[in-house]
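Me: I would like to learn how to read a fold from its model. Please take me through one.

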Amino acid sequence: MLSLSFLVFLFACFAAVLSATSWTANPFNPASIPLAVRSPYFSAWLNQGEGTALNAAWPTFWTGGIVGWAGFAKVDGVAYNWLGDPAIPDVNFTKATQKSFEFTSTQSIFVMTAGPVDLTITFLSPVEPSNLVNQSFPFSYLSVSAASNDGNDHTVQVYADISAEWVSGDNTLEVEWATSTGVAIVHQVKLSNEQPFTEINDRAQYGTAYHAMLSDDSVTFQTGQDIVVRAQFINHGALPNAQDSDFRGVSNNWPVFALARDLGKVNSTSASSPAVFAVGHVRDPVVQYITASNEVQQRSSLFMAYTNSVYTSRLPITFGLEMQVTTFLNDYENALARAKAFDAQVNQDAAKVSTDYAAIVALSIRQTFGATEITVSKTGSGGYNTSDIMVFMKELSTGGAVNTVDVIYPAWPLFMYINPAMGKQLLEPLLAYQATGQYPNPWAAHDIGSDYPNATGHNDGKDLALPLEETGNMLIMTLSYTQRTNDTSLVTAYYLVQNSLYSANQFSSDVFAGSLANQTNLAIKGIIGLKAMSGIAAFAGDNSKRTGYNSTAVDFLQDWQKLAMSSDGTHLTLSRRSGMALMLTHTAYHWTLDHRHTYSKSDWQMWTAAFVSDNTVRDTLITSVLKYAGDGLSAQPFADLYDTVNGTAQNTRARPVVGGHLALLALQSETAIAPSNSSIGSSTSSTSTPTSPIGGTSGGSSPGATTTTNTTGPTQTKPNSAYASSWRRDHLAVLFGAVLLAAFVVVA
């Protein structure tokens, strides 16, 4: 067993890390703080290191490139900077002092002291598990409220701007912009010469960035050079409602798009009403996807099917989404209530394991959803086929592929806990592509496109070959979804039988470790894939195949146990008959993934924590991940791969695999957060009365009524009653077994 002195030492080191900043941080200060994270191309973070205040650095894209976002406040005529790190010549302003920071699953909340006033600054990136229309809308909120901290009344004005850096990975390119005024003031900016479906430095080279606020007499706006516009607010506390018409390069006198609001007098009895800003980035179409006969289908974000105006980045800039943005802003209070309810439920569920675990989960959710986009196809008449919803995921930072199977697989617990329908919709593009017969290999494809957002397949069969890895992954995910929902629509068969026991020289999911013949973990994944196929056949009522797959899996498992065990019977080996110890051995700092290297992966540690029966081991795994997450040695969005000797992150930032951190939640929960009978636009807030599907309800059939594909909930096809088991049944052997049996832990 682990010694008590070691656990005390580990906790002391962790506590020292958490106390390194000058402000209070709850639950801890992470390497990078999500600010506005909704899609692969709308992803703004505050990189931290040992601790960086909100106004001590510029927000950055997940890659580390700056996305200009500045904020100021005037308090009794004195200017304070609270967001970004701007330099403005010949103008006086003071840095506000960061007092506290808190994050939840959907929010990052800062309290900044600006002289006699405390500003509460909330970045809200909604997670809407019961409303896929809302979830597909690539916008976030920024709200700023003020309260006196000295008992006296004070006048306060607040300001924010974004730069054109939000729309390109090349700051030399020319941009154009427009501002619409009405119920809301909506700034829009895009590249003058867009290049659909292309990237520069992981940034989409098409699409429009938005910055908006509801309009009233207290709100003013301006577009123009950064130092000019910011100086205008600092000197006058308001903007002149003026527009710059000189379109130019992103870095040519840095055009910014600013909004300001006068909060009036504030006091200490209650905070002011918040100034609410909306920020977003919209592309249309978002993905091109291969269909039968090598045709390419252009797919839009789901919310586009529920708008009353048509958006395309190739139309004039003034023809945009003003109505939808206005609805989004009007829905802020309800959106905040839904977010708080979601945060509370996730925290309550995760805290049943431990408060340390709840902290890891809260940091992981926005990052996972931020790699996804929910899409819909169009009909021949130009409408939208809302029965054809597919979710696409970008493999951030490690190749940029589309719907990489061994990236979806580690993230799978998040979708099973929050909304299994999204898991199904992630698998469907892969299954539908292979069903066309265009993929020539007799195993599951690694992905459906090498370069997001081009899901154009691998008709040459030259994708990265991980036959057992990806085929086992697909079968295991298919069965786990079917068990969770009783929806048998994903039931399908794959290649495994001939190649399960001896896997030849193959890569596993952790490709960076190199290939190796006869890997113990690949063999068990293949065997459990066979067992999963037996379960799938049972759901389909095919007893003959159920028995056949089960018998083969049992026979292979018996042989595997003999071949994979070390000669002394104390541990599994990495490669059968190699004698090399397998996986997850403990170092002074963390748990290593593989004896060939000193690194570990946080997602597999959390999968293992969900699998082990010893709570001491479970909690040690959790504490190790939390210690790394808050050690101050990294300044990038959560990197799942890190060195166990010194705790430094490797270059795997912002990857959606951190959805695997929810493994314990997926295993312990009987049902998902999203109700199985929810429709595409149903709202979890009874107080919501929106005028548009964005922010509230929309049409959509309720799942279970028919066997037609449904747009949010699973299709309810009644399975063989003898095998219509609960979520928990066989889960240790199916969902977690494939990797976790391979990641066998021996604690001395």
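**Reading the fold**

Me: What does the secondary structure of the chain come to?

Reply: The chain has 15 helices and 32 strands. Helices (H or I, at least four residues) and strands (E, at least two) are DSSP runs, numbered from the N terminus. This is a predicted model: local features need pLDDT of at least 70, side-chain atom pairs count only at pLDDT 80 or more, and totals for chains, interfaces and linings use all residues. Residues are numbered from 1 along each chain as its sequence is written, and side-chain values use heavy atoms, leaving out hydrogens and water.

Me: How many residues are in the chain, and what percentage is buried?

Reply: Buried means under 20% relative accessible area, exposed over 50%, partly exposed in between (1.4 Å probe, protein chains only). Of 748 residues in the chain, 63% are buried.

Me: Which residues touch the most other members of the largest nonpolar core?

Reply: Such a core is a set of buried Ala, Val, Leu, Ile, Met, Phe, Trp, Tyr and Cys residues joined through side-chain atoms within 4.5 Å. The largest one has 185 residues; Leu-54, Trp-69 and Trp-82 are among those touching the most other members. Helix H7 (residues 405-418) gives the largest share, 11 residues. Another core, of 14 residues, lies apart from it and includes Tyr-159 and Phe-233.

Me: What covers the buried residues of H4?

Reply: In helix H4 (residues 322-330), the buried residues include Val-325, Phe-328 and Leu-329. Contact means heavy atoms within 4.5 Å. The cover includes strand S11 (139-148), strand S21 (275-282) and helix H5 (332-351).
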